[in-house]
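Have the viewer ready and follow along.

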Amino acid sequence: MPFGEDQQGGPARSGGAVNRSLGLPQATALILGTIIGVGIFNLPYSLSGIGPISIVAMVLTTIGALALALLFAVLSRRVPADGGPYAYARSAFGNPVGFVNAWSYWITAWAGNAAIVTGWVFYVEHFVNKDGVTGWSIVIALIGLWIPALINLSGVKNMGAVQLWTSVIKFIPLIIMSTVGLFFISTANYKPANISGDSDWQAIGAAMAICLFSYLGVECAAVAAAKVRDPARNVPRATVLGTLSAAVVYLLSMIAVFGIVPTATLGEDKASYSVAANVMAGGGTWAGDLTALAVIVSGFGALNGWTMICAEMPLAAAKDGVFPALFGKTSSRGVPTAGILSSTVFGSLAMVVSYMGASGATVFNTLVLMTGITAAVPYAFSALAQLKWRVQDRRAGNGARFARDSTIALVSLFFSILFVWYSRNTGHDDWYVVWGPFLMAGAAFLLGVPVYLSVRNRMTAPPPVPAYE
């Protein structure tokens with residue numbers, strides 16, 4: 001069955017007959033496969049300038065991520081439409097807001113791929129280009145972006161096969177670090193907790209914005225709802241189960257790495273988990289090498305999965321006339337070629353631009369913070385949609401679970417605002433580096449203006465919002 005098409009060959013609609021090939025296990029694996037990429041493996045290095053207090057930030061970010069997971073779980077029951085956050089914003093606030101959210105999430109997807117591949121390069125350079133020559137780093141990153149794109153262009157079957165075996169391998173270093181690693185902790189490595197030079201709350205806020213990147217993907221089952229069997233039942237379960245599973249290994253492994261390796265050492269080697277693995281093995285490099293290989297495979301799988309997601313949001317929006325029709329067309333292999341190619345081109349450009357005048361953690365953090373800004377927009381509007389609909393429900397006499405749903409939505413909205421507020425590259429003197437994430441996000445949003453003007457007269461009316469269940 002072609003990617004994104006119904007059984008009659010047309011675009012897949014959330015309410016029509018579609019090829020729903022993902023059950024609960026597969027949908028949960030999609031969540032885990034997209035959440036767990038290289039973000040968590042790069043966090044200790046990226047946060048080494050802040051210190052072990054970043055663990056507190058990770059705890060708070062986890063609370064926000066779980067709130068978002070619960071938010072999408074409830075929303076996906078009410079609006080089990082492909083597109084997830086885009087569909088919720090469009091249904092609640094109309095096509096213009098729907099376009100902004102679709103465009104913003106699309107930026108998140110391809111800029112997120114640029115960030116993933118930059119972090120992936122850290123571990124590839126554990127073996128080659130050890131001096132970090134920028135030109136070669138860019139070449140390695142381009143290879144990491146375009147091979148997954150070619151796999152996706154070859155068909156869904158090949159993409160799924162790669163995703164399956166990479167998803168299994170990526171858990172190995174995380175499980176070892178979050179269990180065995182706990183026995184190698186030295187509490188002395190947690191002091192001093194904050195080395196950023198800022199107040200504790202400022203340090204925590206800055207770290208939270210970076211930590212969010214590790215949880216991007218909590219909404220992926222909702223985005224791909226058209227391919228999930230019984231989406232009203234399986235999407236919420238997969239979202240919560242996948243996020244909870246990731247949260248456990250994230251928190252435990254972060255505690256282990258910061259406790260095993262002194263903060264100063266974490267800042268000297270980009271492959272943080274490899275350094276910790278070597279310490280656990282009592283010396284040598286074999287354990288670190290194996291960890292680096294597992295992370296390389298993990299990152300490749302995440303790039304493979306997110307390349308699909310990059311095309312999924314434009315595909316859903318194109319069906320509603322909110323994106324150019326070109327994004328809604330599929331190739332003879334059943335894949336949305338325009339979405340895959342354009343996303344990979346933009347991801348490549350974002351990666352190259354970020355490398356200009358910077359390297360290492362600055363490049364990774366700039367891209368990570370940019371995706372935090374653009375992800376927070378559809379997250380916030382999803383929360384606002386939930387608040388709007390639950391208030392309307394209560395006025396209509398349906399106040400069931402009102403307090404629970406409203407509290408979750410408010411927490412999600414609060415964290416979304418925080419993620420934007422703290423998305424600055426702190427600790428730098430150059431203003432364009434400090435505000436780089438906002439400058440890049442702003443430029444990406446401006447690219448959407450002519451696109452919106454070209455499609456605004458062809459948008460279909462949003463469907464009515466179903467009653468709350």
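Asp393 and Arg390 pair up through their side chains in a salt bridge, with N and O 2.8 Å apart. Keep in mind that this is a predicted model. Both residues sit in helix α15, 3 residues apart, which is about one turn of the helix. Are they buried or exposed? Asp393 is buried, and Arg390 is too. For Arg390 the relative accessible area is 0%, so with a cut-off of under 20% this residue clearly falls on the buried side.

Arg390 has another partner as well: a salt bridge links Arg390 to Asp405, and here the closest N and O atoms are 3.2 Å apart. Because Arg390 belongs to helix α15 and Asp405 to helix α16, this pair ties together parts that lie 15 residues apart in sequence. Asp405 has a relative accessibility of 1%, so it counts as buried.

Now stay on Asp405 and look for Arg404. These two form a salt bridge, with 2.8 Å between the closest N and O atoms. Arg404 counts as partly exposed because its relative accessibility is 42%. Searching the whole structure turns up 5 salt bridges.

Next, the loop between α15 (361-395) and α16 (402-421), where you'll find Arg401. With a relative accessible area of 39%, Arg401 is partly exposed. Arg401 also turns up in a positive surface patch, together with Arg77, Arg233 and Arg237. Of these, Arg237 is placed in helix α10 (residues 231-260), and its relative accessibility of 40% makes Arg237 partly exposed.

Asn129 shows a positive phi too, about 50°, and is likewise not a glycine. Look for Asn129 in the loop between α5 and α6. Asn129 has a relative accessible area of 17%, which means that it is buried under the 20% cut-off. Gly132 is found in the loop between α5 (95-124) and α6 (134-153), but at 22% relative accessibility Gly132 counts as partly exposed. Leaving aside residues up to four places away in sequence, Gly132 touches Glu125 and Ser137. Gly132 and Val121 are 11 residues apart in sequence, with their C-alpha atoms 9.4 Å apart in space.

If you check omega values, stop at Lys191 and Pro192: a cis peptide bond joins them, with omega at about -10°. Pro192 is in the loop between α7 (156-179) and α8 (200-211).

Leu182 is also found in the loop between α7 and α8. At 33% relative accessibility, Leu182 counts as partly exposed. Helices α7 and α10 each contribute at least two residues to the nonpolar patch.

How values were computed:
Residues are numbered from 1 along each chain as its sequence is written. This is a predicted model: local features need pLDDT of at least 70, side-chain atom pairs count only at pLDDT 80 or more; totals for chains, interfaces and linings use all residues. Side-chain values use heavy atoms; hydrogens and water are left out. Patches are made of residues with over 30% relative accessible area and no salt bridge: like charges are joined within 9 Å, nonpolar side chains (Val, Leu, Ile, Met, Phe, Trp, Tyr) within 5 Å. Accessible areas come from the Shrake-Rupley method with a 1.4 Å probe; for residues, only the protein chains shown count as cover. A salt bridge is a side-chain nitrogen of Lys or Arg within 4 Å of a carboxyl oxygen of Asp or Glu. Lys and Arg count as positive and Asp and Glu as negative; His and the chain ends are not counted. The place of a charge is taken as NZ of Lys, CZ of Arg, CG of Asp or CD of Glu. Helices (H or I, at least four residues) and strands (E, at least two) are DSSP runs, numbered from the N terminus. Buried means under 20% relative accessible area, exposed over 50%, partly exposed in between (1.4 Å probe, protein chains only). Contact means heavy atoms within 4.5 Å.
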